[in-house]
Amino acid sequence: MNRPHRPHRLAAALVLPWLALCGPSRADDFSAKLPPLPAYQQECAACHVAYPPQLLGAASWDRLMRGLPRHFGTDASLDAAQTRQIADWLAATRCRPPSPAATGPHGWCSNC
Amino acid sequence: MKPLLLCLALMGSAAAQAATPAELLAGYTAQASSPAQAARGQAFFTAKHGKEWSCSSCHGATPLGEGQHAATGKRIKPLAPAAHAERFTDLAKSEKWFRRNCNDVAGRECSPAEKADVLAWLMTLK
């Protein structure tokens, strides 16, 4: 089942406001202690931009990583070792809201 | 058995193993236990296999030029080794994209014979 989709428009709608409001200074607070993962950049930017891990909460990333064979209409699967490596890095890097109330309705960080 | 072991060793070793398209073809042919047929590869590449896309839907009917993703329009570098020197020089990468794209096109893994046929045909393109 291959349906047309335009992830880049969705991506822009999600990422640009976040970047404008939160910006690199805020992202540094989350990522300063966590080195970038080359595999994340290599594998997750092969087709689209490598979205900042802080964009999603743990449940969203978990669902996405489990569903890679059905990734927005296409198979984006990785081998088991790489899937585990990237999932672990995302779990360490992703948004950590200070309290449940700081997470928006879609599970995104809204504590910028 | 030895070619299969070599193939498995290549797959099990570090991610970026420089290889040549001919070496990858030899590995797939050994797994298939039959010679590759380029004409059969071209037919496989350009046909639909029960789903909406063929391989050529994204890569083009003669992938010496750029292709584009059938849904997103993203530009895809040429698939033929003669047009893009990096193609089929990394077994792990080759296997990854065969797995993904055969699932998208055919809803299943491609067999070693199908991979060998397609690669043999792509190597004939100049």
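A:C47 is partly exposed, at a relative accessible area of 41%. This is a predicted model. A:C44, by contrast, is buried at 18%, because buried means under 20% relative accessible area. Neither residue is bonded through sulfur: A:C47 is in no disulfide, and A:C44 is in none either. For A:C47, the nearest cysteine sulfur is that of A:C44, 9.7 Å away.

Chain B is where the bond is found. B:C102 and B:C110 are joined by a disulfide, with S to S at 2.0 Å. The count over all chains is 1 disulfide. A disulfide is a covalent bond between the sulfur atoms of two cysteines. The torsion about the S-S bond of B:C102 and B:C110 is -100°, a left-handed link. How accessible are its two ends? B:C102 is buried, with a relative accessible area of 6%. B:C110 is buried as well, at 7%.

Now follow B:C102 into its helix. It is one of the buried residues of α5(B). Helix α5 of chain B covers residues 91-106, 16 residues in total. From first C-alpha to last it reaches 21 Å, close to the 22 Å expected at 1.5 Å a residue. Other buried residues of α5(B) include B:L91, B:F98, B:V105 and B:A106.

Finally, look at the ends. B:D90 caps the N-terminal end of α5(B), with a side-chain oxygen 3.0 Å from the backbone nitrogen of B:A92. After the helix comes B:G107, whose phi is positive, near 75°.

Definitions and conventions. Residues numbered from 1 in each chain as written. Chains lettered and ligands numbered in written order. Predicted model: local features only at pLDDT ≥ 70, side-chain atom pairs only at ≥ 80, totals over all residues. Heavy atoms only, no water. Disulfide = S-S within 2.5 Å. Buried < 20%, exposed > 50% of the residue type's maximum accessible area, 1.4 Å probe, protein only. Helix = DSSP H or I, 4+ residues; strand = E, 2+ residues; numbered from the N terminus. Expected span 1.5 Å × (residues − 1). Polar contact = N/O pair within 3.5 Å; in protein donor to acceptor, adjacent residues only side chain to side chain.
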